[in-house]
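Have the viewer ready, and follow along as each part comes up.

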Amino acid sequence: MAAKRKVKPPKPRLDLPWTELTKSQQNLIYTRALQEYTIGKGPNPATKAEFFRAKVAAKA
């Protein structure tokens with residue numbers, strides 16, 4: 001009997017509008033922003049709520 005091949009799940013599309021991203025995708029973007037701030041390559045994303053509000057306001 002042949003083994004089944006595992007199919008990798010599709011990579012998440014992070015170029016969608018903020019309101020259309022899933023919660024996990026939004027968290028991923030926030031985490032990346034925190035990492036960039038930690039290594040000194042980006043601005044302080046502040047709290048998660050402030051970051052999310054800013055993203056929604058920027059898209060509107």
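Phe52 has its place in helix 2, where helices (H or I, at least four residues) and strands (E, at least two) are DSSP runs, numbered from the N terminus. Before going on, please note that this is a predicted model, in which local features need pLDDT of at least 70, side-chain atom pairs count only at pLDDT 80 or more, and totals for chains, interfaces and linings use all residues. Residues are numbered from 1 along each chain as its sequence is written, and side-chain values use heavy atoms, with hydrogens and water left out.

Is Phe52 buried or exposed? Phe52 counts as buried, at 11% relative accessibility; here buried means under 20% relative accessible area, exposed over 50%, and partly exposed in between (1.4 Å probe, protein chains only). Leaving aside neighbours within four places in sequence, Phe52 is in contact with Trp18, Lys23, Gln26, Asn27 and Tyr30, a contact being heavy atoms within 4.5 Å. Trp18 lies 34 residues from Phe52 along the chain, and their C-alpha atoms are separated by 8.5 Å.

Helix 1 covers residues 23-38, and Gln25 is placed in it. Gln25 is buried, with a relative accessible area of 13%. Which residues does Gln25 contact, once neighbours within four places in sequence are left aside? They are Pro12, Arg13 and Leu14.

Gln26 also belongs to helix 1 and is buried, with a relative accessible area of 9%. Beyond four places in sequence, Gln26 is in contact with Trp18, Leu21 and Phe52. Further along, Ile29 is in helix 1 and counts as buried at 16% relative accessibility. Not counting residues up to four places away, Ile29 touches Leu14, Trp18, Leu21 and Phe51.

## The loop between the helices

Pro45 is found in the loop between helix 1 and helix 2. With a relative accessible area of 7%, Pro45 is buried. Apart from neighbours within four places in sequence, Pro45 is in contact with Tyr30, Ala33, Leu34, Tyr37 and Phe51. The C-alpha atoms of Pro45 and Ala33 are separated by 6.4 Å, and the two residues are 12 apart along the chain.

Ala46 is found in the loop between helix 1 and helix 2 (48-59). Have a look at its backbone: Ala46 has a positive phi of about 60°, although it is not a glycine. Ala46 counts as partly exposed, at 32% relative accessibility.

Lys6 is found in the segment before helix 1 and counts as exposed, at 84% relative accessibility. The C-alpha atoms of Lys6 and Ser24 are separated by 23 Å, with the residues 18 apart along the chain.

How many salt bridges does a search of the whole structure find? The search finds 1 salt bridge, meaning a side-chain nitrogen of Lys or Arg within 4 Å of a carboxyl oxygen of Asp or Glu. The side chains of Arg13 and Asp15 form it, at 3.5 Å from N to O. Both Arg13 and Asp15 are exposed. Side chains of opposite charge can pair when their charged atoms come close.

## The chain as a whole

The protein chain has 2 helices and 0 strands. Its radius of gyration is 16 Å, whereas a compact globule of 60 residues would have one near 10 Å; the radius is taken over C-alpha atoms, and the globule rule is 2.2 Å times the number of residues to the power 0.38. Along the principal axes, the C-alpha atoms fill a box of roughly 55 × 30 × 15 Å.

Of the 60 residues, 17% count as buried. Among contacts with a separation of 6 or more, 25% come from residues 24 or more positions apart. The accessible surface comes to about 5,400 Å², of which 58% belongs to carbon and sulfur atoms (Shrake-Rupley method with a 1.4 Å probe; for residues, only the protein chains shown count as cover).
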